[in-house]
Amino acid sequence: MTVAARLRRRPLAYLASLTILSGCTGPLSALDPAGPAAASTATLWWIMFSGAAVLSLLMAVLVALAFLKPGIASLWSARSWIIYGGLVMPGAVLSALLIAALVLGERMIARPLEQPPLKVAAQARQWTWSFAYPDSRRATLSVNVLHIPAGEPVDVTVTTTDVIHSFWVPRLGGKIDAIPGHRNVVRLQADRPGVYGGVCAEFCGAGHSAMPFTVLAHEPEEFAAIMAGAIEEARR
Amino acid sequence: MSGRVATPLRLHRQLNEIWASGRGVKRLAAVNHSVIGTRFMITALIFFGIGGLLAMLIRAQLATSRSAFIGPDLYNQVFTMHGTIMMFLFAIPMFEGMAIYLLPKLLGTRDLAFPRLGAFGYWCYLFGGAILIAAMLAGAAPDSGWFMYTPLSSSAFTPGVNADVWLLGITFVEISAVTAAVELVVSILKIRAPGMSLNRMPIFGWYVLVTAGMMVLGFPPLILGSILLELERAFDLPFFDTARGGDALLWQHLFWLFGHPEVYIIFLPAAGAVSTILPVFAQRELTGYRAVVVALVALAFLSFGLWVHHMFAVGIPHMALAFFSAASAAVTIPTAVQIFAWIATLAHGRPRFDIPMLWIFGFLFVFILGGLTGVMLAMVPFNWQAHDTQFVTAHLHYVLVGGFIFPLVAALYYWLPHIRGRVPAFRLSMPAFWLVFIGFNVTFFMMHLTGLRGMPRRVGTYPVEAGWDWLNLISSIGGFILTMGFALIVVDVFLQVRYGRRFRRNPWKARTLEWAQPIPPPAYNFASLPWITRRADTLEPASIGPELAAGHGYLGFARNGWMETLGVDITSGRMEHVIVLPRQTYLPFWTALAVAAFVLSFLFSYYWFSLLPLGIAFILLLCWTRVTGLDRDNGPVVIGREEIAPLHYETHRPPSWWGMIIALIADAAFYGSLVFSPLFLWLTAPAWPPSQTLKSGMVVPALLVATLAAAPLCARRAVALNAKSRSPVLWLAATAILQFASLILLVILMRTGLPAPTVHAYNATSFALLAYSVLHTFLAAVFSLFGLWRVWAGYVSARRSLDLRIATPLHDYTAITGFAGIGLVLLLPTLITAGEAFR
Amino acid sequence: MTSDHRASASLLVWICSGFLAWGAAFAALYSAQALGCGFDWDEITIFGSIDAHRLLLIGLFLLALFASAVLARLCARLPHRIRADDTARFLGNVAKLSAWAALAATLVSLGPVLFTTACY
């Protein structure tokens, strides 16, 4: 179907979907996920967003009802308002949400796996990222570009040589801070080969705005080739 | 009883003579709560203006990608100062001012418990804020973010004076927060109208009580953190330096242990204003009064179990995150209880509309959205994505502007007639509301999306490819609409204050005591004090007002030029004693000035010289006691309504005794955070164990335990003897000597047993623990000597024993923290060895 | 006079008691979690999939629940004490409800010890 045809048939829906899509995509958009962690977080977001929309609308209606039509609103005793509105409703919603979020969190943490995932090391300093590949046979290093294989989990160990930074690739998953003296691990996975933007998310001084990096997810063979040093670009 | 009572006008003149603050230079001596409260509020609003201008600079910078409006160095100062000013120099002082101004009026009394402390707090706030602003104008403002994360804020990465300005200036301002908190807690508990039991107290009193209680516990961790970081910067004690056994995470824990309760400290008073104002326009009293009180208690405590949700991305295991995530979700429920209590109040009342209600609706809309995004951020996986992005910026502004500014403007329009005695002449408030409301939502709503599309916080420039341009442009346009709205409010308030119609009493038909006053209120508040027989938000100001003005209540006369008000039993509100408050004095001003001199000399690294102003401040503080007390037994005095009561000097537990208790609770929160520090470092800091540990032998510690334990026993003996009209002098002297002996022993332990504190965080924290006890033994000894002087000067008798008894809790506290400190310092080497063996 | 003062202040302490217990439990579990991970208690298997760390945490959790429940029971009696006036009944009720709220908070905020991963 052509754009014109879509516009003719359901103009509003099409425009809305267009705005939402263009509004949510972007090289750094957490709402345009490209890996399982980011995808389930985005799903969680859309669930919470819809819930919040319904709840805020409901609250607006209730406040309006109480103010404009106290006659109707006073059919419920003050006690019922407080117990059902203040305890039962949020209690039910929050319990469900909390359990879902904790279960999801359990799936995302970098716990040991039977087949240990590939390890890469990200080292932050004011204001660049350098990446090392301890699993690689050659001592490969790349600056501001992280190579990973697509379609499998990768554990990124994040450290810093100076102040606190934060490693974040929004389209692949959540962020983890680089803290002096600590080694933090975040597990990421890119479903498809591609270029994914990353930023430093923790304020780190004068160059904080200019500390981006790129994640290049490759087909496994291509990744192996890079690790073997076959592709010059890796040494950039 | 009208026979001996003066006419209302003569009574007014007599009382005004005593209570009114002077004009001209005498203004510096003002201690009256209305004056101090108004000063706090006006100063806070000026800082709000400055913070708002900085926000405009931020929005101008972010309006387009790759903006070259201001460079990163300046930008970092601008956003750091915006956050710092709004949190520390606007929100908290604004609350303090509101509470200081309103409370005595709502509670039917004449002033707060410690008027001079209130004045001192104001000067500390003003001078501390002035130091920060001066530094900003000089281009040396703090630039490490309002959260001051180490090591970015450590001397290695911020070598200039910028970070010191924050640490010293903010700590200085925080003195005022803690003093205000102590004053408010004690005043609410002890100084109310007779008959106002806690269940009859206007709900605002509960809100302020809970908030002030939270400040007592919540501010000390940050004060400790700031002191430790300043010690690291000034004297190289490595509390946060990873290479030497410190840990950057220690700062984050201390900061957020304060930082999260802070959010509720800001929100609760505003909610208290809503709980006071909304029932007036619902034309019925607040429903679910008890449920709201329970919700407040729950909120107060739960808010101390959320702080790690600011640290979800620092690498803490999932289970610990889950604790904090669940607590963050749970804290929504008490908030929901309050919101539904308000809805139920409207539902069961006869709601009418007026300008304050408009702002309350704005508050409900904005704050509920902020609460919903807050729940989202409490969910760990989502937080990993949204943390440190513009989403959080949006959320926190929804919560703080929604939860504080909107109710505050409602309160402003509600109480402005009370402060100035005028009602609005023009209706600029309506367009102002819509400008603020629309401007706010335009600015911040889109920011949620900006954040989810990957824009981090605190960036000054961003690449055009990121696709954030249009979102940021919308936000910036909204920001300017918002500013226009605030400007219109300023104009409107000015017009009302200058040209508003004069109004004598109670324009809103409210049913709380502050509207029983003539407006604007006289310095003494009530010509005579009311007696309360039902919930104090269901009173009839129209009939009470004239009766009190005619002197038909308690203390409806002027006596000896004394500033008198009544003290009551904490819970029942039964009348207990007459409190004679200290008169107007310059001492708070001079003391705060001396502290400012200390802060400035420290700031410019004149460390030895800084001891001079510190000593002067200390001596000035001692001078505060010169005018208190009586040199002879007085006996009960007449208080009107055919009753008599003792003076507070001659009662068992007057407000000053409770002041000591509350101050010690704040101190204990400080000490608890200090004790936490070495234990936390031992468990998590990378560069442990230290190469050297304490080598003290057992002689000095054993002697220390003996002297520390003996001092409070001697002090108690002195109190007991005094109660039997026998001389306590010998035992007091023994107490002081034992305390000085403890002090010397502590110094010996520090100097001989402990390796140099700059080498490792273990040494530094042990040093800090012992130094804390040195300070406290010194303070306790000063109190003992003070007791001696008071006995010698004739201020103490069996009946007037407060000067001796007030020190007892301090003596006990000094001994207990001394034991704990020495115990921990002795235990740490063992822990270190054991830790290495098991790891 | 003295005993009256104590009685008044004590009701306020009762109001805080439930949540103070919650706070203590929260601090204890958070510390135990951190200590256990620091000293690898999770590698000591007790039986099946239960390790020493988890066992300790669950034990502490149950203890906290028990303490909270006991406190809630004690606070539930406060409003019905003999010679309680309006104020004492009000504060007693606040204490009772706060204690129940604290019990719920303990259950919710510390419940994750049952199923979340302790050291990753």
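Reader: Which domains does the domain assignment of chain B give?
Author: The assignment, which is an automatic or database one, gives domain 1 (1-246 + 509-651) and domain 2 (686-838). This is a predicted model, in which local features need pLDDT of at least 70, side-chain atom pairs count only at pLDDT 80 or more, and totals for chains, interfaces and linings use all residues. Residues are numbered from 1 along each chain as written, chains are lettered from A in written order, and side-chain values use heavy atoms without hydrogens or water.

Reader: How many residues does the contact take from domain 1 of chain B and from domain 2 of chain B?
Author: With contact meaning heavy atoms within 4.5 Å, 25 residues come from domain 1 of chain B and 25 residues from domain 2 of chain B. Between them these domains bury about 1900 Å², 62% of it on carbon and sulfur atoms; buried area is the accessible area (1.4 Å probe) lost on being put together, summed over both parts.

Reader: And how many salt bridges are there between those two domains of chain B?
Author: The count is two, taking a Lys or Arg side-chain nitrogen within 4 Å of an Asp or Glu carboxyl oxygen. E650(B) pairs with R799(B) in a salt bridge, their closest N and O atoms being 4.0 Å apart.

Reader: Turning to chain C and chain A, how much area do they bury?
Author: About 560 Å² is buried between chain C and chain A, 72% of it on carbon and sulfur atoms. On the chain C side, F115(C), T117(C) and Y120(C) lose the most area to chain A, together 76% of what that side buries.

Reader: How many salt bridges there?
Author: Zero between chain C and chain A.

Terms used: Buried area = accessible area lost by both parts, 1.4 Å probe.
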